[in-house]
Amino acid sequence: MRKFVVAALGGTLAGALFAVQIAGPLLAQESARTTNVYEQLDLFGDIFERIRAQYVEDVDEGDLIEAAINGMLTSLDPHSSYLSPDDAEDMRVQTRGEFGGLGIEVTQEDGFVKVVSPIDGTPADSAGIEAGDFITHVDGESVLGLTLDQAVEKMRGPVGSEIVITVAREGEDEPFDVTIIRDTIKLTAVRSRTEGSTVVLRVTTFNDQTTPNLEAGFAKQVEALGGMENVNGIVLDLRNNPGGLLTQAITVSDAFLEKGEIVSTRGRNPEDGDRFNATPGDLAEGKPMVVLINGGSASASEIVAGALQDHRRAIVVGTKSFGKGSVQTVMPLRGNGAMRLTTARYYTPSGRSIQALGVSPDIVVEQPRRPAASEEEEESSTRSRRSEADLRGSLNNDSLTEDEIRQIEEDRAKAEEAAKLREDDYQLAYAIDILKGLSALGPQN
C-alpha cells in the first residue's frame with residue numbers, strides 16, 4: 001500500500017512538473033506577445049504625436065486615424081477595408097440597386113486599379129472599358145501608390161461631370177485616354193429576352209432585386225414563347241458580373257436546382273463554417289442550360305456557375321472566371337462607419353475552392369475581337385451573297401408550292417439571324433447552338 005501511495009505521489013509530482021515545464025513556456029510566450037503588442041501600440045502613439053507636432057502642415061487627426069485603420073485592413077487582402085460613414089452608405093445604396101459613378105467593378109493589382117468588369121448600360125460600358133483593363137491615371141494623376149478606396153474616390157464626382165482615365169490594355173502597345181461622363185447608375189439586375197426558342201437571362205449583378213427580376217423576366221419570356229413546351233433551353237449569362245450578395249447567389253442557384261449543396265463557407269474556426277442546400281423546385285422544369293462566364297465573372301457569379309456545373313445542371317461555356325473565392329462580412333462600427341472584413345472562403349458542392357483559380361468552363365470559347373471591315377471587304381462580301389436567282393434570265397423553281405417557298409424563306413431568315421448573332425456575340429451564339437443540338441437529340445413526339 002505504501003508503495004502504491006509513493007507511486008501515486010510520484011506520478012502527481014511528475015505530472016505537476018510536466019505541467020509547469022509545458023505551461024510555463026506557453027505562458028511566457030503569451031506574456032511576451034502581449035508585451036510586444038503594447039510596445040507596438042506605444043510606437044504607434046509616438047508616431048502619431050510626432051506627425052501632429054512636426055509634420056510640415058497641419059493634419060486632421062481623424063483622417064490620420066482613419067488612414068491607419070484602413071492601412072491595417074488593406075494589408076490583409078485586396079477585399080478587406082474600412083468604410084467611412086459616406087462609403088458605408090454608398091455600399092448600402094449599391095446593394096439596393098442604384099448608385100452614382102462610372103459603372104465599373106474594380107480591384108487592385110500591382111499597385112494599379114484593375115477592372116473586374118464594366119456594368120451593362122453604364123457610362124464605362126458605353127465608353128468601351130473592358131474586363132482586365134488597368135487604370136493607371138485619373139485626370140492625369142497616377143493611381144500608383146494609392147489604396148483601392150483612394151483610387152475609387154478619385155473616380156467619383158458629381159453626376160454629369162467629366163473624367164479622363166488612362167487605360168493600359170493587353171494587346172495595345174501604349175496606354176490610352178478614355179473620357180467618361182459620370183452618371184447615376186441604375187442597375188437592372190437581370191435582363192431577359194428570347195433568341196429563337198432559347199430564353200436568355202443576362203444577370204449583371206447580385207443585389208436585392210436579382211432573384212425577383214430573374215423569376216419575373218423568365219416568366220415573361222416563357223409566356224411570349226407560348227409556354228415551357230416551346231422553350232428549348234436557357235442561357236444564364238454571367239459574363240462581366242462582378243458578384244454581390246451571397247444570399248442572392250444562393251437563391252439564383254436554388255432556382256434551377258432540385259436538391260443538393262449549393263455552396264459551403266469555411267472560416268478560421270471550424271464551427272464558423274456554413275452549408276447552403278437547394279430546395280425542391282426547378283424554375284426551368286429541367287430544360288437544358290448553358291452558363292456563360294468570362295474573366296469578369298467574379299464572386300457570387302462564380303458560386304452560381306460552380307454549383308450548376310458541379311451538379312451537371314448546366315454546361316459552362318466561355319473563358320476562366322476571375323477567381324474571387326472569399327466571403328466578406330460588413331460589420332457596422334461606431335460613428336456610422338463599417339468594416340469590410342474577409343471572414344471565410346467558399347467552396348463549390350464538390351469541395352473545390354475557386355480562390356485565385358476561378359471556374360474553368362466545360363467548353364472554352366473566346367470572344368473574338370471584331371476587326372473593322374474595309375470598304376473592299378464589304379464590297380467583296382456583297383458580291384459573295386449573290387446567287388442563281390440574281391442572274392438575269394434564271395429559271396424559276398416550279399417544283400415547290402407557295403407555302404413551301406415561304407417556309408424555306410422563313411428558315412433562311414432564322415439562319416441569317418443566327419449568323420448575325422455570331423458576329424455580334426460569338427459566345428452567346430455558341431451557347432444557343434449547344435442548346436439547339438441538345439434539343440435535336442431529345443425525344444421526338
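## The second largest pocket

Let's start with an open space in this predicted model. The second largest pocket has a lining of 39 residues, and those nearest its centre are Glu 130, Ala 131, Asn 240, Asn 294 and Gln 367. Strand E4 supplies the largest share, with 4 residues.

How much space lies in the second largest pocket? The figure is about 1300 Å³. Sorted by class, its lining holds 19 charged residues, along with 10 polar and 10 nonpolar ones.

## How helices H7 and H8 pack

Now for a pair of helices. In general, the packing of two helices is described by the angle between their axes and by the distance between those axes. For helix H7 (residues 246–254) and helix H8 (residues 300–310), the angle is about 25 degrees and the axes lie 9 Å apart. Angles under 35 degrees count as roughly parallel, and H7 and H8 are therefore roughly parallel to each other. Their crossing is right-handed.

## Where the two helices touch

Which residues in H7 meet H8? From H7 come Leu 246, Ala 249, Val 252 and Ser 253, while H8 brings Ala 300, Ile 303, Val 304, Ala 307 and Leu 308 to the contact. By class, the contact of H7 with H8 has 8 nonpolar residues and 1 polar residue, with no charged residues.

Notes. Residues are numbered from 1 along each chain as its sequence is written. This is a predicted model: local features need pLDDT of at least 70, side-chain atom pairs count only at pLDDT 80 or more; totals for chains, interfaces and linings use all residues. Side-chain values use heavy atoms; hydrogens and water are left out. Axes are lines fitted to C-alpha atoms, for helices over the stretch in contact, and angles run from 0 to 180 degrees between N-to-C directions. Angles under 35 degrees count as roughly parallel, over 145 as roughly antiparallel, 65 to 115 as roughly perpendicular and the rest as oblique. A crossing is left-handed if the near helix is turned anticlockwise from the far one by less than a right angle, and right-handed if clockwise. Contact means heavy atoms within 4.5 Å. Ala, Val, Leu, Ile, Met, Phe, Trp, Tyr, Cys and Pro count as nonpolar, Asp, Glu, Lys and Arg as charged, and the others, Gly among them, as polar. On a 1 Å grid over the protein atoms alone, a cavity is a set of points where a 1.4 Å probe fits but cannot get out, and a pocket is an open set with protein on both sides within 12 Å along at least five of seven lines; lining residues have an atom within 4 Å of a point. Grid points are joined across faces, edges and corners, and a volume is the space filled by probe spheres set on the points.
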